[in-house]
Amino acid sequence: MSAPQLLNLLGHTPLIYVDAPLPHPHGGFWAKVESAAPGGMKARAAVAMLAGARRRGELRDGAPVVESTSGTLGIGLVFAGQALGHPVVLVVDRELEPSMRALLRAYGARLEVVDRPHPTGGWQQARRERLTQVLATLPGAYWPDQYHNPDNVAGYASLGDEIAAQVDAVDVLVCSVGTGGHSAGLARTLRRHWPQLRMIGVDTIGSTIFGQPARRRVMRGLGSSIYPDNVDYPAFDEVHWLGPAEAVDTCRRLARTAFVTGGWSTGAVARVAAWVARTQPDTRVLAVFPDGPHRYLDSIFDDGWCVRHGLLGPTPGHPVEIPHPGAVEVTRWSRCRVVGDPLRHERVPA
């Protein structure tokens with residue numbers, strides 16, 4: 001059974017101005033609050049991927065949808081599944097928060113839980129291997145393959161159009177990078193309005209996306225241990241890598257002084273956006289806040305959890321700069337103005 005009326009809830013999220021010290025005073029930046037929409041930011045991509053597959057005949061009426069997720073896309077897919085009439089099977093791992101598991105099940109998703117990480121590819125690769133096994137048991141099932149599906153990128157055109165209607169101009173766009181979908185989609189759309197727009201990608205320490213070595217990552221929702229096809233490397237002017245302590249500090253500061261806060265991706269992009277606003281006066285900065293705080297109450301906003309993971313205490317107020325992504329393995333907030341596709345061994349000066 002489908003519920004197409006749900007599609008009226010897609011997008012239409014607010015824009016707020018953030019001038020809270022993060023951690024230092026700054027000139028302020030705009031934040032697009034994607035957590036305000038039912039289904040969250042990734043509902044845009046989920047609807048686009050399922051609708052595209054239906055148009056092409058790859059997804060038949062009522063057929064199941066199977067995908068691997070660390071959580072956020074899962075919410076978007078169950079939203080899209082209910083709207084378009086498809087059961088959803090999600091391959092998750094044991095580190096997914098119990099509250100998120102409960103919520104996904106409440107929305108009707110079937111969960112396949114992976115118990116141990118892949119020796120080299122971590123949780124991400126382990127989930128993808130289980131996904132292949134699940135697909136073999138469900139004839140006619142559709143795998144959106146969010147990391148490589150161009151409909152993921154196309155789904156964020158609406159986000160770009162909303163931003164262009166809400167602000168007069170943007171000089172610098174700050175986006176977290178995981179699948180590469182929303183950064184690629186926004187760059188494509190917003191540069192039609194503002195051709196000189198600069199884009200900063202925000203990754204996590206231990207992610208391979210921009211050429212760093214894969215390591216175990218505390219932060220979920222941004223970063224990757226694979227190389228997504230949807231990452232539009234030439235669209236970026238620079239990249240920042242942040243650690244979990246910087247994201248925790250920023251999320252907590254946002255909660256105390258700006259009320260609107262979120263999880264790992266939100267904390268990371270807010271930290272970078274505030275730094276740009278402080279160091280580049282008169283620059284119009286906009287960041288995308290992909291998620292809200294609720295799934296992080298037992299991690300980012302829990303003192304005991306943060307103490308056990310060594311995430312409380314002083315954090316850097318500025319990045320160190322490295323000459324290119326392969327120069328050094330970063331262990332703290334770092335910045336690089338040379339961006340290229342690590343699989344092509346290109347380094348394209350920004």
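This is a predicted model: local features need pLDDT of at least 70, side-chain atom pairs count only at pLDDT 80 or more; totals for chains, interfaces and linings use all residues.

Biologist: Fine. Which helix is A164 in?

Modeller: A164 sits in helix 6.

Biologist: Is A164 buried or exposed?

Modeller: Buried, because its relative accessibility is 18% and the cut-off for buried is under 20%.

Biologist: What is A164 in contact with, leaving aside neighbours within four places in sequence?

Modeller: L190, H193 and W194. By contrast, E129 is 35 residues away along the chain, and the C-alpha atoms of A164 and E129 are separated by 40 Å.

Biologist: How do helix 6 and helix 7 cross?

Modeller: Their axes come within 8 Å and cross at roughly 35°. The crossing is right-handed. On the helix 6 side the contact is made by A157, L159, G160, D161, I163 and A164, and helix 7 brings L186, T189, L190 and H193.

Biologist: Staying with helix 7, where is A184, and is it buried or exposed?

Modeller: A184 is in helix 7, which covers residues 181-193. A184 has a relative accessible area of 4%, so it counts as buried. Apart from residues within four places in sequence, A184 contacts V153, N230 and D232.

Biologist: Switching to helix 1. How many of its residues are buried?

Modeller: 11 of the 15, so helix 1 is largely enclosed by the rest of the structure. The buried ones include K42, R44, M49 and L50.

Biologist: And what covers them?

Modeller: The cover includes strand 2, strand 3, helix 2, helix 5 and helix 6.

Biologist: What about the geometry, how does the end-to-end span of helix 1 compare with what it should be?

Modeller: It agrees: at 1.5 Å a residue, the 15 residues of helix 1 should span 21 Å, and the end C-alpha atoms are 21 Å apart. After the helix comes G57, with a positive phi near 80°.

Biologist: You listed helix 2 in that cover. Where does T72 fall?

Modeller: T72 is in helix 2, residues 72-84. T72 counts as buried because its relative accessibility is 16%.

Biologist: Which residues does T72 touch, not counting those up to four places away in sequence?

Modeller: K42 and R295. With R295 there is also a polar contact of 3.2 Å between the side chains. K42, for its part, is one of the buried residues of helix 1.

Biologist: Now helix 8. What span does it reach?

Modeller: Helix 8 has 14 residues, 244-257, and reaches 20 Å from its first C-alpha to its last, close to the 20 Å expected. Among its buried residues are P244, E246, D249 and R252. Strand 1, strand 8, helix 9, strand 9 and helix 10 are among the elements that cover them. Just after helix 8, F259 takes a positive phi of about 65°.

Biologist: Strand 8 came up there. How many of its residues are buried?

Modeller: Five of its five. E238, H240 and L242 are on one side, V239 and W241 on the other, and both faces are covered.

Biologist: Which strands does strand 8 pair with?

Modeller: Strand 7 pairs with strand 8 in the parallel sense over five bridges, and D203 stands opposite W241. Strand 11 pairs with strand 8 in the antiparallel sense over three bridges, where V239 has C336 as its bridge partner.

Biologist: Last topic: what's the strand order in the open sheet of three?

Modeller: The order is 3-4-5, with parallel pairing. Strand 3 and strand 5 are the edges, each pairing on one side only. The twist averages 20° from one strand to the next. Five bridges join strand 4 to strand 5, and D93 stands opposite V114 in strand 5.

Definitions and conventions: Residues are numbered from 1 along each chain as its sequence is written. Side-chain values use heavy atoms; hydrogens and water are left out. Helices (H or I, at least four residues) and strands (E, at least two) are DSSP runs, numbered from the N terminus. Buried means under 20% relative accessible area, exposed over 50%, partly exposed in between (1.4 Å probe, protein chains only). A polar contact is a pair of N or O atoms within 3.5 Å; within protein, one must be able to donate a hydrogen and the other to accept it, and residues adjacent in sequence count only if both atoms are side-chain atoms. Contact means heavy atoms within 4.5 Å. The expected span of a helix is 1.5 Å times one less than its number of residues. Two strands pair if DSSP finds at least two bridges between them. Axes are lines fitted to C-alpha atoms, for helices over the stretch in contact, and angles run from 0 to 180 degrees between N-to-C directions. A crossing is left-handed if the near helix is turned anticlockwise from the far one by less than a right angle, and right-handed if clockwise.
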